[in-house]
Amino acid sequence: MRKLFGAAILAGVVALGGAADAKTLRYATTGDILGLDPHINNEGPTNTMKSNIYEGLVHRAWDLSLHPALATEWEQVNPTTWRFKLRQGVKFHDGSAFTADDVLFSYERIKQPQSEMSFAVNTIKEIKKISDHEIEIVTGGPDPILLLNMPNFFIMDKEWSEKNNTTTVERGSTAKTYANLNTNGTGAFKLVSWVPDTKLEVVPYAEWWGKPAHNLTKAVFTPISNDATRVAALLSGEIDVMYPVPLQDVQRINNSSNAKVLQGPELRTIFLGFDQWRDELLDMPGTGKNPFKDKRVRQAFYQAVDMEAIKRVVMRGASANTGLMIAPGINGFDKALNDRYPYDPEAAKKLLAEAGYPNGFPVTLDCPNDRYVNDEAICLAVVPMIKRIGVDIKLNAQTKSLHFDKIGAKQGNNTSFYMLGWTPGSYDALNMLENIITMDGAGQGTWNSGKYKNARVEELTDLIRVETNQEKRNAMISEAMKIHKEDFGHLPLHQQALAWGVANTVAEVKQRPQNDVDLHYVMMK
Amino acid sequence: MFAFIIRRLLQSLIVMLAVAFISFSLFNFVGDPVNNMVGQEATAEQREALRVQLGLNDPFPIQFARFIGNAVQGDFGVSYRLSRPVSDVIATRLPATLELVFVAAVLALVIGLPLGVYTGLHRHGFGSKVLLTLSLIGISLPTFLIGIMLILIFAVWLGWLPSFGRGDTVQIGWWSTNFLTVAGWKSIIMPAVTLCLFQLTLIMRLVRAEMMEVLRTDYIKFARARGLSNRAVHFGHALKNTMVPVITITGLQIGSLIAFAIITETVFQWPGMGLLFLQAIQFADIPVMAAYLCLVAFIFVVINLMVDLLYYAVDPRLRVERSGGGH
């Protein structure tokens with residue numbers, strides 16, 4: 001027994017010695033990843049971890065630019081056909097070779113109904129094998145953003161999946177967990193171990209085809225849910241990078257001698273939406289009136305909100321106010337449209353009176369309190385601003401699962417005025433138009449909870465989907481966004497800023513707007 | 001005795017059923033797990049299909065009956081968040097919580113009992129007054145604050161102890177233990193101290209009050225009259241007679257230690273059941289929440305039973321009354 005104890009202590013000491021290696025990155029964020037299966041979950045941090053281990057045909061770099069990965073080159077043969085040359089000599093982590101069969105297999109796997117990553121391939125009609133290292137992708141119609149979705153199409157090994165009986169994507173009570181806990185990718189990092197909610201370790205894959213832009217020998221990811229503990233762990237030198245930094249602690253970390261805060265813009269746009277479809281507002285039963293159907297009322301709300309004050313007081317400067325529904329960096333962003341209409345409560349009052357509501361009306365603002373940075377605090381600031389123009393507004397702030405139920409399809413968009421944030425998963429404006437700004441068409445308007453609708457915008461969206469000339473396409477995006485802006489279809493607020501705490505042990509870490517650490521781009525001292 | 005245990009077990013079963021029922025009906029208020037499970041781009045059809053597959057659209061009685069039916073067979077379903085069987089998930093978390101609670105309980109007893117005796121015997125001494133004032137602080141400061149303060153002092157300023165996690169654990173079968181590595185011991189100190197502080201002060205104050213009570217009784221006076229040593233009077237007679245309420249409270253407090261562990265585990269990112277439960281609430285992970293609540297109810301029931309049995313061992317009067325049973 002004593003021997004065993006001694007051996008265990010020795011093992012502990014050895015483990016401690018290993019952890020002191022300077023090229024180990026230890027990083028932490030609020031929660032753990034949802035799983036390692038490349039095709040089950042579609043969630044930001046989970047996708048980032050998957051992209052350390054798995055690869056797509058195309059790689060999206062930290063600055064959002066696209067680069068060859070498992071495909072070395074591609075060309076568009078005709079409007080609906082793309083030909084991809086696959087990289088030769090690539091090996092999966094278990095040593096088996098990567099070929100066109102793996103791409104075909106992964107396509108069949110990712111498009112299963114239970115897969116949430118299927119959005120990445122839903123314009124694809126067929127993938128044909130030309131040779132072991134060449135494939136052809138045929139899309140249903142012309143698809144201008146096929147390449148933008150390719151980084152989300154992770155390639156798995158056919159033999160490995162079949163051997164381990166994990167060829168189907170299943171969730172819930174029948175969930176097959178093998179691929180969710182074990183990995184076999186071609187990516188730059190190999191999984192060492194994952195203890196959910198505790199620790200995930202990866203090491204660089206020695207036979208990776210690429211040239212590493214990092215100098216790591218190991219990376220350890222730890223979820224730390226409590227903000228104060230996460231800050232303490234950074235300051236005490238137990239972790240090297242952590243995010244998000246609570247805004248009130250930015251100063252404290254910058255004043256410390258061993259860590260700094262790295263800030264930058266995020267891609268998510270936070271906005272408020274209005275119910276524009278009910279004939280009668282939820283809070284005005286019996287009146288038969290819905291003031292939000294009147295553009296002037298929506299404009300009055302817009303001009304009553306003082307975004308500069310919210311940025312200064314609530315966000316402590318860590319936000320970028322926006323007039324557009326998409327952020328800089330998203331394909332289709334038009335700087336000329338990004339200016340906000342001026343804050344002008346007097347004009348807002350006048351607009352309300354013109355619309356026939358000089359004494360305001362009752363309305364409830366639905367707001368999450370644990371989803372976005374200072375979400376509830378923003379709403380608490382908006383409420384008195386709207387009250388100032390005479391509207392009788394109440395706040396209903398609650399946890400995200402209840403909030404999204406209420407404003408979403410589950411409860412029939414049971415809201416009149418709500419907060420929501422959105423990052424286009426494809427980094428293209430079309431995603432925003434389809435999900436938030438339009439209604440018509442299969443799968444469209446899923447989160448257009450106020451059902452804003454404009455015939456010309458609908459028409460433009462259908463054109464944008466198939467237009468392959470980028471210049472013409474961007475002009476159409478700008479036109480649609482301009483109409484939406486002048487319609488006051490939603491009330492865009494800001495893009496929140498990313499805040500990462502970075503210890504002095506790190507030489508450089510690229511801050512991606514997705515708010516996740518991409519291990520490909522971390523240099524330790 | 002045997003009949004007594006059987007009766008208690010049957011009562012426990014009813015308690016467990018009631019807990020399962022109440023917790024299950026509360027789940028209607030935590031929101032829809034589906035929105036947490038799927039990504040923002042999922043279509044309404046995909047969401048609905050998942051809801052049907054998870055059985056969330058079935059009426060409440062059917063969902064409840066299905067849960068009980070499976071739970072009786074030891075199957076608590078698959079966690080929505082982690083996509084693995086709930087029983088596996090809990091089995092990996094149970095050791096962390098139990099070891100933490102064990103250390104906290106031992107600390108509370110080993111420190112609380114002597115302090116209680118001391119303050120009971122020297123009730124007007126300066127030392128007692130200081131200890132009582134300190135215990136007031138221990139009882140009134142929230143766990144959360146104590147934990148953060150300890151982290152600030154011992155992790156950030158002094159750098160002696162780790163601020164989060166379990167350090168290095170050693171796997172013995174399915175049980176992962178902190179007790180075999182230095183890092184493991186270092187990690188458990190702050191969470192255990194944080195967790196035990198409330199119990200420690202409670203035990204100390206309880207023992208003090210009981211001691212003062214007992215020292216006034218006739219048999220203590222008689223013992224002194226017999227010329228017994230102070231030591232024999234205080235520990236052989238007085239302390240022994242204060243033990244029944246102390247055992248009850250300590251026993252029941254082990255249950256609350258497990259429950260209080262939720263906050264301590266969150267502050268120290270201690271990967272136990274409390275942290276698991278809190279994350280399950282945020283995610284609306286119904287299978288994990290249901291299993292956790294049932295397990296905690298089960299632990300309470302078992303502890304109560306054990307406390308009842310311990311009475312027999314400590315208090316001979318109970319044995320006399322019951323052994324004459326059959327009247």
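**Notes on the two-chain model**

1. Let's start where the chains meet. Between chain B and chain A, 8 residue pairs are in polar contact, counting pairs with both residues at pLDDT 80 or more. Please keep in mind that this is a predicted model. The largest share comes from α3(B), with 7 residues. By class, this side of chain B has 29 nonpolar, 15 polar and 8 charged residues.

2. Now the extent of that interface. It takes 52 residues from chain B and 54 residues from chain A, and the area buried between the two chains is about 4300 Å², with 53% of it given by carbon and sulfur atoms. B:Gln40, B:Glu41 and B:Phe164 supply 15% of what chain B buries against chain A, more than any other three residues.

3. For the whole structure, a search over all chains gives 34 salt bridges.

4. A pair within chain A is worth a look as well. The side chains of A:Arg109 and A:Asp37 meet in a salt bridge at 2.8 Å, N to O. A:Arg109 sits in helix α3 (residues 100-110) of chain A, while A:Asp37 is in the loop between β1 (24-29) and α2 (44-53) of chain A, so the pair ties together parts that are 72 residues apart in sequence.

5. On to the overall form of chain A. The chain has 16 helices and 19 strands. Its radius of gyration is 25 Å, close to the 24 Å that the globule rule gives for 525 residues, so chain A is as compact as a globular protein of that length. Along its principal axes, the C-alpha trace of chain A spans about 80 × 60 × 45 Å.

6. Chain A is divided into domain 1 (2-15 + 34-183) and domain 2 (267-496), and the centres of these domains, taken over C-alpha atoms, are 35 Å apart. In the contact, 10 residues of domain 1 meet 15 residues of domain 2. The two domains of chain A bury about 880 Å² between them, 68% of it on carbon and sulfur atoms. Of the area that domain 1 buries, A:Leu64, A:Pro144 and A:Ile145 supply 51%, more than any other three residues. The count between these domains is 0 salt bridges. The side of domain 1 of chain A that touches domain 2 divides into 5 nonpolar, 3 polar and 2 charged residues.

7. Chain B has its own division, into domain 1 (2-72) and domain 2 (92-326). Their centres lie 32 Å apart over C-alpha atoms, and 20 residues of domain 1 are in contact with 16 of domain 2. About 1600 Å² is buried between the domains of chain B, 82% of it on carbon and sulfur atoms. B:Phe4, B:Met16 and B:Phe27 supply 32% of the area that domain 1 buries there, more than any other three residues.

8. What about charge pairing between the domains of chain B? On the domain 1 side of chain B, α1(B) gives the most, with 11 residues. That side divides into 14 nonpolar, 4 polar and 2 charged residues.

Notes. Residues are numbered from 1 along each chain as its sequence is written. Chains are lettered from A and ligands numbered from 1 in the order in which they are written. This is a predicted model: local features need pLDDT of at least 70, side-chain atom pairs count only at pLDDT 80 or more; totals for chains, interfaces and linings use all residues. Side-chain values use heavy atoms; hydrogens and water are left out. Domain bounds come from an automatic or database domain assignment. Contact means heavy atoms within 4.5 Å. Buried area is the accessible area (1.4 Å probe) that two parts lose on being put together, summed over both. A salt bridge is a side-chain nitrogen of Lys or Arg within 4 Å of a carboxyl oxygen of Asp or Glu. Ala, Val, Leu, Ile, Met, Phe, Trp, Tyr, Cys and Pro count as nonpolar, Asp, Glu, Lys and Arg as charged, and the others, Gly among them, as polar. Helices (H or I, at least four residues) and strands (E, at least two) are DSSP runs, numbered from the N terminus. The radius of gyration is taken over C-alpha atoms; the globule rule is 2.2 Å times the number of residues to the power 0.38. A polar contact is a pair of N or O atoms within 3.5 Å; within protein, one must be able to donate a hydrogen and the other to accept it, and residues adjacent in sequence count only if both atoms are side-chain atoms.
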